[in-house]
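Please read the points below alongside the sequence and the model. They go through the structure one place at a time.

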Amino acid sequence: MANKLQFDLVSPESLVLSAQVDSVSVPGLEGDFGVMPNHSPVMSIIRPGVLVVENDGVVSQYHLDGGFVDVTPEGVTVLAETILTEAQAAERGVADEA
Amino acid sequence: MASLKELRNRIASVQATQKITRAMQMVAASKLRRAQEAAEAARPYADRMGAVLGNLAAGITDPQGAPKLLAGTGSEQSYLLIVATAERGLCGGFNSSIARMARAEAYRLMAEGKDVKILCVGRKGYDVLKRNFTKELLPLISYQGMKKIGFDQAQEVATQILGDFENGGFDICKLYYSRFQNVLTQVPTALQIIPAHIEAVEVPDLGGAAYDYEPEETEILDALLPRNIAIQILRALLENAASEQGARMSAMDNATRNAGEMIDALSITYNRSRQAQITKELIEIISGAEAL
């Protein structure tokens, strides 16, 4: 499992997550796309939706209200204004298929 | 020479003041820690935003087609100065140094015949500047009583500015705030946010691959630039909050020390005059006894 990618999830108020993960699925403006290690460089705007992060079989989801993603060979950086974990989203009554 | 009672009262009143300043110092110290954490937490986002924008801007070769927020309106006639200060005083030279810097710039621009508008975020800067400017001053934006400044507030300010910019209200926008260096040093800083001031960044090694843009580069820039304004404002507000507490802490530390010195001096005067009084009474008694 040496082949992982660096994933940073950043909101203006804090660095939510910075970790090595297996894959990330991003709700891009023109469609969802998955990012695995050694993905070609992409810059995309994120539409409001759910970001899925998978690591060692553990899947975690984050609800974003839109933002921006920068994929480089070194890793993925997601910038979003509002980031809610699943638990926070459930608390606020956001539907899963936001 | 003041009477003993007067001296006692003075000492008591200085002591009371000292208690207040010491309490304020401690409150500022604990608030400072929180403000500093908030300012530091905002840094990664702003840094990365800067890097991404730098990347994009480097790729734009045709300045004509570039968004106005990046390239400017092509004119330099009207300026908007955003002056971010604190809501409260008693923090040393913090508010006045920011206001002074903005005022100097405003006068300089007006002398050059430019149109200047000033937007104050924070009551204290407004209070200072309204003495010198009247028609240039836009209505105050104040977050008084707000416990924590967050992205929502910055977004609010940014929306107002961007709306004005779209309507051709100004060509260049500069932001004045105080950069937090450490507890003792806060540096009043001017930052140009429109057109965006992009720092030169190293283009990351893409391993020979070209960037895919989804959607087009210009659309991404259009989405990113307004967001960048909000981020810059948020950063300024957070740095300001930390600076304010730092400035207040050192100002109150000084005040506490001064009060201590004053109490010492007054106590000496008090003791001297008390002894003089006793000596005088003794002399009166002795000379009275001798006269008999």
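**Notes on the predicted model**

1. Asn38(A) is exposed, as 10 other C-beta atoms lie within 10 Å. On this scale a residue is buried if 20 or more other C-beta atoms lie within 10 Å of its own, exposed if 12 or fewer, and partly exposed in between, with C-beta atoms placed from the backbone. Asn38(A) sits in the loop between strand 4 (31-35) and strand 5 of chain A; helices (H or I, at least four residues) and strands (E, at least two) are DSSP runs, numbered from the N terminus. Its phi is near 65 degrees, a positive value in a residue other than glycine.

2. On conventions: this is a predicted model, in which local features need pLDDT of at least 70 and side-chain atom pairs count only at pLDDT 80 or more, while totals for chains, interfaces and linings use all residues. Residues are numbered from 1 along each chain as its sequence is written, and chains are lettered from A and ligands numbered from 1 in the order in which they are written.

3. How many residues of chain A are in contact with chain B? There are 22, and they meet 23 residues of chain B; two residues are in contact if their C-beta atoms, placed from the backbone, lie within 7 Å. Strand 1 (5-11), strand 2 (14-21), strand 5 (42-46), strand 8 (67-72) and strand 9 (75-80) of chain A each supply at least two residues of this side of chain A. The largest share, four residues, comes from strand 5 of chain A. By type, the side of chain A that touches chain B divides into eleven nonpolar, seven polar and four charged residues. Here Ala, Val, Leu, Ile, Met, Phe, Trp, Tyr, Cys and Pro count as nonpolar, Asp, Glu, Lys and Arg as charged, and the others, Gly among them, as polar.

4. Two strands pair if DSSP finds at least two bridges between them. Within this pairing, Ser44(A) stands opposite Glu214(B).

5. In chain A, strand 1 and strand 2 run antiparallel and are joined by seven bridges. They form a hairpin with two residues between them. Phe7(A) lies in strand 1 of chain A and stands opposite Ala19(A) in strand 2 of chain A. Phe7(A) counts as buried, with 21 C-beta neighbours inside 10 Å. Its contacts beyond four places in sequence include Val53(A), Gly75(A) and Val76(A). Phe7(A) and Gly75(A) are 68 residues apart in sequence but 5.7 Å apart in space, C-alpha to C-alpha.

6. Chain B has an open sheet of four strands in the order 2-1-3-4, with mixed pairing. Strand 2 (115-121) and strand 4 (186-194) of chain B are at the edges with a single partner strand each, so one side of each has no neighbour in the sheet. On average, neighbouring strands are turned by 25 degrees against each other, direction ignored. Strand 1 (residues 78-84) and strand 3 (residues 172-180) of chain B run parallel and are joined by five bridges, with Leu81(B) opposite Lys174(B).

7. Helix 4 (residues 94-111) of chain B packs on this sheet and touches strand 1, strand 2, strand 3 and strand 4 of chain B. Among its buried residues are Phe94(B), Ile98(B) and Ala102(B).

8. Leu90(B) has a positive phi of about 55 degrees although it is not a glycine, and its place is in the loop between strand 1 and helix 4 of chain B. A cis peptide bond, with omega about -10 degrees, joins Ile194(B) and Pro195(B). Most residues other than glycine have a negative phi, and most peptide bonds are trans.

Notes: Axes fitted to C-alpha atoms, helices over the stretch in contact; angles between N-to-C directions.
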